[in-house]
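Me: I have a model open on my screen and would like to know what stands behind the words used for it. Could you take me through them?

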Amino acid sequence: MLNCKQTSVLVSQSLDRPLTWRERWAVRLHLLICVYCRRFTAQLKWIQGAMQSWQTHATDRTEDVLSAAARERITQQLDKFY
Amino acid sequence: MAANPHDWLNEHGDYLYRFALTRLRDPHQAEDVVQETLLAAIKSTTFAEQSSPRTWLTGILKHKIIDCMRKQLREIPASELLAEEDANMDEFFDDTGHWAEKPQAWDIPHDALQQKQFLQILQQCMARLPQKLAAIFTMRDVDELDNEEICKALNITATNAWVMLYRARMGLRKCLEMHW
């Protein structure tokens, strides 16, 4: 029988690789009796689903811009080639 | 090619910079990869008319970011990388493998405002993760690279990758639970 720690490791890995059938059954059995690991599993999947939105959100933050110095430096580099 | 690289810088420079900054966190490194991206774009002949310049430039940028991350990781031995937060991992479970703090039920954001608040907290929690964990997690769950590609790109083993992804998810989940 898996404990919560072992289950959390396998649940995370299930997002990165196919589990063996033994591992799948062991996780399923644990989730059947453990509401906390069920929540954990749902939350990991939810976070995974939110990451695309995070990227959009993070790149929309208009307070971060190229500094004038960096812009000038890049322009000079581009001029050498173009 | 009709496009002018100076237009790329004007129209997409800030976007590319922010994209790089979310992954590398260091403003100087972010500036450098933007510069490398635009220079590579000039020399490249692969621009397909059907893709937008921004999509195309972002594709080049992703590779430059991975190169930069690989260099960062090379400076740290894998053993040290994994040992870095070993102490922190003990806080999640007690000695018998049970949750030290039991996962709580979360409210799913219902409307656009809540969704936005959630993303702000997610952003803060991502910023709190150790940079390398955040970076590999981003490659996996945002770029959707498979494990093999990540291992090859960063020159780490599959086991290392799983452990780092696990730590990233545990840290992120805990942070979200505390602040959401």
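Me: What makes the second largest pocket a pocket, and how much space lies in it?
Reply: About 210 Å³ of space lies in the second largest pocket of this predicted model. On a 1 Å grid over the protein atoms alone, a pocket is an open set of points with protein on both sides within 12 Å along at least five of seven lines, whereas a cavity is a set where a 1.4 Å probe fits but cannot get out. The volume is the space filled by probe spheres set on the points, which are joined across faces, edges and corners.

Me: Which residues line the second largest pocket?
Reply: Lining residues have an atom within 4 Å of a point, and 16 residues line this pocket, with B:L21, B:T22, B:R25, B:Q123 and B:A127 nearest its centre. Two or more residues each come from α3 of chain A and from α1 (5–24), α6 (112–128) and α7 (131–141) of chain B. Helices here are DSSP runs (H or I, at least four residues), numbered from the N terminus.

Me: Why is the pair of A:D16 and B:R140 called a salt bridge?
Reply: The term asks for a side-chain nitrogen of Lys or Arg within 4 Å of a carboxyl oxygen of Asp or Glu. In this pair the closest N and O atoms are 2.8 Å apart, so A:D16 and B:R140 meet the rule. A:D16 lies in the loop between α1 and α2 (21–33) of chain A and B:R140 in helix α7 of chain B, so the pair joins two chains.

Me: What is the distance from A:D16 to B:R169?
Reply: The closest N and O atoms of B:R169 and A:D16 are 2.9 Å apart, so this pair is a salt bridge too.

Me: What ground rules apply?
Reply: Residues are numbered from 1 along each chain as its sequence is written, and chains are lettered from A and ligands numbered from 1 in written order. Local features of this predicted model need pLDDT of at least 70 and side-chain atom pairs 80 or more, while totals for chains, interfaces and linings use all residues; side-chain values use heavy atoms, without hydrogens and water.
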